[in-house]
Each structure stands twice: as structure tokens, then as C-alpha cells.
Amino acid sequence: MKSVFRAGLFEGKVAIVTGGGTGIGKAIARELLYLGSKVVISARKEDRLQQAADELARYIQPSSTAEVKTVPCNIREEQQVTNLMEETISSYGKIDFLVNNGGGQFMSPVSNMSTKGWKAVVDTNLNGTFLCCKEAFRLWMGDNGGSIVNIIVDMSKGFPGMAHTGAARAGVHNLTMSLAVEWISNGIRINCVAPGVIYSETAAQNYSDPELFQKLNSVLPAKRCGTTEEVAGAVSFLLSPAAAYITGTTIDVDGASSKVSLNYLPPADKCHLPEYTWCGGPNSKL
């Protein structure tokens, strides 16, 4: 494990990462552990969560006080969200960071979408994020401050084919801007990270076309998909002291895909954005 941030940057901190058992969430948890934070990962499926925790524990530095804990939680259910926060405080005495990564969606045009399917996605992605923010505030951050990062998506061109999650994530984006002002006097910073097309094995399993991500490479400005580690780096920055004056904003981690017009795409042979270079170590400044 490598990071652009110095090892131990988050030593003594306590983080909750929802949806921390797979994909982007697991990559975020991995980097936070490497940086010294105690990390509570949550998801609905307890067996997958424990498997992830066993894997993540290998990234803890030998001299670190970091550790990983699992708390199963369906973020749609208020009592389960309350339990997640209370268990974290009971185990570690505080909550410094909350990363709202948990969510889910499926591909479907609205004309084929059931009301039940629409409600399930909105309830998870919007209401679940609201519940996590509210309970973190009520039980700890309101009196003690903290930093929250909400994982959303790029909604600048709508989200045809997945309008339910586009609407829900747009709601989270607006909620984030509102809470940044409402909670600034409590010492709370809250921001969003909006990933573009990010490849992970978990993401690939959600789609019927096994070559989907490979096909997308040719139409993306960067000519490649993003990595979960690149999203984790942006999240770590927003949680870090380097972002002390940043709240209510969104970082796009998308290789400029949100800026592309269908009338123009960079030449395929002249646009190759290199992957993130992990250059952290004992001499890192952060």
C-alpha cells in the first residue's frame, strides 16, 4: 500500500465508511487505515463485510494504532444508522470522519422502472445519506466537530438510464451545500466527491456486458477508466488538514468526462492521462 499522504497522518482519528466492504468504499477504508485511522466499515451483508475487514487489516502499518471494525447496517433504517454511530462511539469514543459511500442503483429507463425500484434507490442514496449525516451530528459531531464526505456522481448532463440515482445524488449534492452552511458553526466540514467512470471488479459485476468498461475507454477523454484509489485520494485530501477551509464543495474525479461535449472528443492517439503515481513516504509534506 502506498499513498501520497504521509503514513500516520490520521493517527488517532476515527472514521466510518458506509459501503466499505467493496469497490470505492473498500479503497477509501484501505487508505484511511494506511494513514493510521481507526475505521468502521458498514454494509448490509455481514459475511462480505467481514471478508473485507480481514483483507483490509493487512494494510495497517506495524507501528500504527489503526484497526478495522465491522458494523452491519442498512442505511435505509434509522435505528440501524443510530446503532452504527453508537457502536463506533462506544468502541472508540468519537467520530472524526464520516464517508457516506453506501448506495446502489440499477440500469433502467424510467418508462420501465417500477415505483418500488425508484423508491428503493432514492431511499438508499438520498435518505440513507441524510440519516447518516443527521445521526453523526446528533450523537457526536454537533458538539465536537468533524468532517463528512459524500460520494455522489456527475449530474451535469442528467443521468439517462439511471434517473433514480441521478435524482437522489443531486439531492445529496444540494443537501451537502445546505449543511455546509448550517453546520459550519459546529466545526463541521462537509463536501462531495463525484467519481466518473471508475473500474472495480465489484462495479463490473453489476453489468451484463463483461466488456463494458473496456468499451468505455475509447469514448472517455482520458482514454481510460478511473481507479478506486484515485477516488480514495480525493476523499483523504478532503478529510485532511490541507482542506481545512473547504466545505460545501464537490471534487470531480472523472478525467474531464463531465466536461465533454458530444460534438468534440480529443483525438484517440493524443489523449492518454497517466494513472495516479503513488509517491507518498516519509518525506511527504502532508
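The axes of helix H4 (residues 115-144) and helix H5 (residues 163-182) come within 8 Å of each other and cross at roughly 20 degrees in this predicted model. H4 is therefore roughly parallel to H5, a term that covers angles under 35 degrees. Axes are lines fitted to C-alpha atoms, over the stretch in contact for helices, and angles run from 0 to 180 degrees between N-to-C directions. Helices are DSSP runs (H or I, at least four residues), numbered from the N terminus. Residues of H4 including Trp118, Leu126 and Phe130 meet residues of H5, among them Ala168, Val172 and Leu175, where contact means heavy atoms within 4.5 Å.

The structure holds 10 salt bridges, each defined as a side-chain nitrogen of Lys or Arg within 4 Å of a carboxyl oxygen of Asp or Glu. In one of them, Glu55 pairs with Lys26, with the closest N and O atoms 3.1 Å apart. Glu55 lies in helix H2 (residues 46-56) and Lys26 in helix H1 (residues 23-34), so the pair ties together parts that are 29 residues apart in sequence. Lys26 is buried at 18% relative accessibility, whereas Glu55 is partly exposed at 23%; buried means under 20% relative accessible area, exposed over 50%, and partly exposed in between (1.4 Å probe, protein chains only).

Arg224 and Glu230 also form a salt bridge, at 2.8 Å from N to O. Arg224 is buried at 17% relative accessibility, and Glu230 is buried at 15%.

Residues are numbered from 1 along each chain as its sequence is written, and side-chain values use heavy atoms, leaving out hydrogens and water. Local features need pLDDT of at least 70 and side-chain atom pairs count only at pLDDT 80 or more, while totals for chains, interfaces and linings use all residues.

Notes. Helices (H or I, at least four residues) and strands (E, at least two) are DSSP runs, numbered from the N terminus. Angles under 35 degrees count as roughly parallel, over 145 as roughly antiparallel, 65 to 115 as roughly perpendicular and the rest as oblique.
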